[in-house]
Amino acid sequence: MSKFLEEKQQEQGFQMNRRKFLKAGAASALAVGVVGAIGVLPSEAMASQTGSQNGAKSKLHPNADYGGATVRFVENNDQWLGTSKIVGSIKKTHAADAGFNYAIRGKLTPEAQKESFHYHFVGKHPLNAALMGFVGVIGPDALCGGKPAPEKLPIPDPAQMSQHIKDCAYFLRADEVGIGKMPAYAYYSYRSPSQDNLFKNGDDLSKSIPVTERMPYVITFMVDQHLETMLGSTGYDGISAGQSFRSYHASGVIAVILASYIRNLGYNARANHISNYEAVMGPCLIASGLGELSRTGDCVAHPRLGFRHKCAAVTTDLPLVPDNPIDFGLQDFCRVCKKCADNCPGGAITFDDDPVEHNGYLRWNSDAQKCTIFRSTNKEGSSCGRCMKVCPWDSKEQSWFHEAGTWIGSKGENSSRLLKTIDDMFGYGTEQIEKYKWWLEWPERY
């Protein structure tokens, strides 16, 4: 066991077994207090899931599944994208300045550059290497984009088409789907040159490809990284990158198929996924009503999945009815929780109480460079998802107690402190449930 985990477990002390508690139901002094505080939970939670829907309903998923969270819908304007405050001009960024591309250019450390090149830090685990290989297969431009069919099929009812597109995505195994107005600043300014060019030439971005597309809508979808696997993991062992690439691949396949289908209808559509991005996923997710920015920087958390997901998107001019962004109280919650910062092995997540200005909008000042360095050079596994493991919005099994918890967490700062206290008491994020550990570790390759 790593020194980091030993120290975190020593800090926990005695913790009540959550499964025994859940079996006992409300027969607990704590439960009495919680249930008293949430006497209206059943009706409110039901209303949040079956009342006014965000945009066109899906036949396959007619009720929005937000867990127990209370969700409010908000309007976009020049000052806000969802609950993210816009305080200045948002400049489009070059894809080569993001994450592992930045490391490949030699902008971080020599070891991070070496391990990021062709994602060596992923491929050192044999299963992750297999998953990563198939992500690459769906990357070529010919699969992600192309000319639409010459005949445009008429779309007399954009609301019906929106419902149909959501149904298509769910049919293709998406876990959550939303449609948004595409923010102009959500496009990259340039796509990156090849990894080989970045690695050999560092700052030579002369082969970058300008992003010129401008579409009115974005269809965004999430694929769960698998709850049980996360519950059996440390959060940064060998399966960490495997969880990511499982969901990257699945969401990328959905994007490629859906974009091709829309082009067959005679409309422009481009898939954006891990192997071929022209758009930045964070603002696309927020615009599509799928979450809010979290303390982890630009990671978007969903009311039910938290940020235990990977996503992809399709930008298009197909006539659609966009959803509204959502507010489920995450800004208040992240302001007081800080569990991700407490548990980040790379020290990348800020303890600041409030968001700060970053490129024209407010976000928590977490350090993406530290995060990239740790994930690429992790000697105890393959990449990292420790923040995902410990986040109270990510680690919930389905039960009345967890529904109650997410309801509490969406009710403001005082309620958020209560949820965080309950979360700590039951040891969420610290457990490694042996029955869920199905994968093999290969420490000799780390």
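**Cavities, a helix and confidence**

Two cavities of 30 Å³ or more are found in this structure. Keep in mind that the model is predicted. How do we look for such spaces? Rolling a probe the size of a water molecule over the atoms shows where empty space is left.

Take the largest cavity. It holds about 110 Å³ of space. Which residues sit closest to its centre? They are Phe307, Phe333, Cys334, Cys340 and Cys391, out of 15 residues in the lining.

Now the elements around it. Helix H15, residues 330–336, and helix H16, residues 339–343, each give two or more residues to this lining. H15 gives the most, with three residues.

What classes of residue make up the lining of the largest cavity? Ten are nonpolar, two are polar and three are charged.

Next, helix H19. This helix runs over residues 400–409 and is mostly covered. Eight of its ten residues are buried. Here are the buried ones: Phe401, His402, Ala404, Gly405, Thr406, Trp407, Ile408 and Gly409.

Last, confidence. The protein has an average pLDDT of 88, and 88% of the residues score at least 70. Where does pLDDT stay under 50? One stretch is residues 12–16, with ten contacts in the model beyond four places in sequence. Another is residues 18–52, where the model has 57 such contacts. Be careful with those contacts. Where pLDDT is low, the predicted coordinates should not be read in detail.

That is my tour. Over to you.

Definitions and conventions: Residues numbered from 1 in each chain as written. Predicted model: local features only at pLDDT ≥ 70, side-chain atom pairs only at ≥ 80, totals over all residues. Heavy atoms only, no water. 1 Å grid on protein atoms, 1.4 Å probe; cavity = no way out; pocket = protein on both sides within 12 Å on 5 of 7 lines; lining within 4 Å. Points joined across faces, edges and corners; volume = space filled by probe spheres on them. Helix = DSSP H or I, 4+ residues; strand = E, 2+ residues; numbered from the N terminus. Nonpolar A, V, L, I, M, F, W, Y, C, P; charged D, E, K, R; others polar. pLDDT = per-residue confidence, 0-100. Contact = heavy atoms within 4.5 Å. Buried < 20%, exposed > 50% of the residue type's maximum accessible area, 1.4 Å probe, protein only.
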